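User: I would like to learn how to read the packing of helices and strands in a model such as this one. Could you take me through it step by step?

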Amino acid sequence: MGIPLSAENEIILAQEQGVEVKDNVSGKMKNIVGSLILTDKRLIFVEANKEEDLDIGSGPLSKRSATVRYADVDDLEEVLSNANNLLIPLGSIVKASGSEGILHPPELKVMWKANSGQVNQAVFTEELIGARKKDLKDWAKTIQGLRDGTIKIQKLSSPIPGIESLEGKILHVLGDLQQKGVFEIEQETESEFKIDLDPEAVEVACEKLASLGFLDRNPDPSGEVFYRKRSPLGEDDLST
C-alpha cells in the first residue's frame with residue numbers, strides 16, 4: 001500500500017505504544033494491539049511483538065501496574081512484513097479526527113482512500129491513559145497539518161553522528177521517541193549492538209547529544225535525568 005516500508009529518508013515524528021486498532025479494511029483482523037507511528041510520509045500501525053509491565057501510579061493500598069503491548073521500532077527497517085500492519089500514506093488521508101470521553105479513552109479516527117478508490121476507516125485507541133501533555137486525539141491536527149503542508153519538519157544543522165560512534169548508537173535506540181534513563185539506554189544499546197558500555201560514557205554521550213540539539217534532557221525530581229530524541233515537529237511535538 002503506497003510507499004515501500006524502507007522508504008529512504010523517511011523520518012519518524014511520533015510513536016505511541018499500546019494502541020488498539022479497530023478497522024473496516026477488507027480482510028483485516030479486528031481489535032489488534034501494537035504501536036502507532038507517524039512519519040513525514042505515512043501513518044503506520046505495527047502489530048505488537050513485545051509486552052512489558054509498567055507502574056502506572058499508586059493508591060492508598062498498593063501500587064498499580066499495567067501490561068503494555070507494543071512493537072519495538074527504533075528504525076523503520078526493523079518493521080517486518082505483517083498482514084495485520086497498516087501503512088497509510090498521508091496524501092491518501094481524507095479525514096483525521098480525535099476524541100475523548102468519559103466512557104472511552106483518547107482515540108484517533110482516520111479515513112483514507114485506497115489505490116482502488118475504496119475509502120477505508122480505522123479507529124486507534126490508547127490502552128495506557130493518565131496525565132499527559134499530548135495523546136492520540138492530538139495526532140489528528142498534526143496529521144492534517146502535515147498532509148496540507150501547514151506543518152513543516154524542522155531539520156537540525158549539526159550532522160547526525162554515524163552509527164559507528166556511541167552517540168550514533170544511542171540515537172538509534174532512542175529512535176522510538178520514548179523517554180529513557182541512562183541505565184535503560186545503556187542496556188538497550190548493549191543488547192542491540194552486542195557491546196559492553198561504561199555508564200559514565202553513556203551519560204557523557206547523552207549530554208553531548210543534548211547540547212547539540214539531538215536529545216531533550218528531562219531531569220526528574222528524584223535526581224535522575226531522562227533523555228528523549230527531539231521531535232522534528234518543533235512546537236507541534238506530540239511527545240507524551
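User: At what angle do helix α2 and helix α3 pack, and how far apart are their axes?

Analyst: Two packed helices are described by the angle between their axes and the distance between the axes. In this predicted model, where local features need pLDDT of at least 70, side-chain atom pairs count only at pLDDT 80 or more, and totals for chains, interfaces and linings use all residues, helix α2 (residues 166-173) packs on helix α3 (residues 182-193) at about 100°, with the axes 9 Å apart. That makes α2 roughly perpendicular to α3, a term for angles of 65 to 115 degrees. Axes are lines fitted to C-alpha atoms, for helices over the stretch in contact, and angles run from 0 to 180 degrees between N-to-C directions. Helices (H or I, at least four residues) and strands (E, at least two) are DSSP runs, numbered from the N terminus. Residues are numbered from 1 along each chain as its sequence is written, and side-chain values use heavy atoms, with hydrogens and water left out.

User: Which residues of α2 and α3 make the contact?

Analyst: Contact means heavy atoms within 4.5 Å. From α2 come Lys 169, Ile 170, His 172 and Val 173, and from α3 come Ile 185, Glu 188, Thr 189, Glu 192 and Phe 193.

User: Is α2 largely enclosed or exposed?

Analyst: A residue is called buried if its relative accessible area is under 20% (1.4 Å probe, protein chains only). Because 8 of the 8 residues of α2 are buried, this helix is largely enclosed by the rest of the structure. For the chain as a whole, buried residues make up 43% of the 240 residues.

User: In what order do the strands β10, β11 and β12 lie in their sheet?

Analyst: Two strands pair if DSSP finds at least two bridges between them. Here the open sheet of 3 strands has the order β10-β12-β11, with antiparallel pairing. The edge strands, each pairing on one side only, are β10 (180-181) and β11 (215-219). Between β11 and β12 (residues 225-229), the antiparallel pairing extends over 5 bridges, and Pro 219 has Val 225 of β12 as its bridge partner.

User: Which helix lies across β11 and β12?

Analyst: Helix α4 (residues 199-211) does so, running at about 115° to β11.

Notes: Buried < 20%, exposed > 50% of the residue type's maximum accessible area, 1.4 Å probe, protein only. Parallel < 35°, antiparallel > 145°, perpendicular 65-115°, else oblique.
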